[in-house]
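Let's walk through this model together, one neighbourhood at a time. Here are the sequence and the structure.

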Amino acid sequence: MEKEEKVQYWLNIAEEDLDVAEDMHKTKHWLYVAFMCHQVMEKLLKAYWTATREDLPPYIHSHVKLLDGCGLLNQMTEEQLEFIDFMVPMNIEARYPEYKQNLAAHLNEQVSLDIIDKTKQFKQWILQKF
């Protein structure tokens, strides 16, 4: 697979994940909105990594490490960094039920909409960096 195909792969699945996040919002699954948006951001970062570096992106979920490895961390605004910090615990795939319940208690329709909106803003920001 050529480099451009690899980049497009990451961008395509990021777009699919964003669609799933929006579907989860419609069905009021707030925790899974946050999880899918976490995934969107991770995949966008891996697309950027693939586009700008010679090595493959690492098998990690840390937005901060991916941003740092791409040289983007120091280009972020304070608001973007706060959103990254907020999204860190949203990678819930293998978490215990109590952990998920605690996170879910802090999520609602408005928070869910904000997460989707900020994820879309992050998407636009990173696409401008390509």
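Which residues does Q39 touch, not counting residues up to four places away in sequence? Q39 touches D17 and N91, where a contact means heavy atoms within 4.5 Å. Before going on, please keep in mind that this is a predicted model, in which local features need pLDDT of at least 70 and side-chain atom pairs count only at pLDDT 80 or more, while totals for chains, interfaces and linings use all residues. Residues are numbered from 1 along each chain as its sequence is written, and side-chain values use heavy atoms, with hydrogens and water left out.

Back to Q39, which is found in helix α2; helices here are DSSP runs of H or I with at least four residues, numbered from the N terminus. Q39 has a relative accessible area of 10%, so Q39 is buried. The cut-offs are under 20% relative accessible area for buried, over 50% for exposed and partly exposed in between, using a 1.4 Å probe and protein chains only. The side chains of Q39 and N91 are joined by a polar contact of 3.5 Å. Such a contact is a pair of N or O atoms within 3.5 Å; within protein, one must be able to donate a hydrogen and the other to accept it, and residues adjacent in sequence count only if both atoms are side-chain atoms.

Now to the nonpolar side of the picture. A nonpolar core is a set of buried Ala, Val, Leu, Ile, Met, Phe, Trp, Tyr and Cys residues joined through side-chain atoms within 4.5 Å. The largest one has 38 residues, and L67, L72, F122 and I126 have the most contacts inside it. At least two residues of this core come from each of α1 (3–26), α2 (30–52), α3 (63–70), α4 (78–87) and α6 (109–129). Helix α2 gives the largest share, 14 residues. Leaving out residues up to four places away in sequence, I126 touches L44, L45, Y48 and L72.

I126 also leads us to α6, where the buried residues include I115, I116, F122, W125 and I126. The buried residues of α6 pack against α1, α2, α3 and α4. This helix has 21 residues and reaches 31 Å from its first C-alpha to its last, close to the expected 30 Å, a span calculated as 1.5 Å times one less than the number of residues. At its start, a side-chain oxygen of N108 comes to within 3.0 Å of the backbone nitrogen of Q110.

What about the rings? There are three aromatic pairs in the structure. Rings of Phe, Tyr and Trp (its six-membered ring) pair if their centres lie within 6.5 Å, with planes under 30 degrees apart counted as stacked, over 60 as edge-to-face and the rest as tilted. Y48 and F130 are edge-to-face because their planes stand at 85 degrees, with the ring centres 5.4 Å apart. This pair links distant parts of the chain, with Y48 in helix α2 and F130 in the segment after α6, 82 residues apart. Y48 is buried at 9% relative accessibility, whereas F130 is partly exposed at 41%. F122 and W125 form a tilted pair, 5.9 Å centre to centre with 35 degrees between the planes.

Finally, the cysteines. The whole structure has zero disulfides, which would need a pair of cysteine sulfur atoms within 2.5 Å. The sulfur of C70 is 19 Å from the closest cysteine sulfur, in C37, so the two are too far apart for a bond. C37 is buried at 0% relative accessibility, and C70 is buried at 12%.
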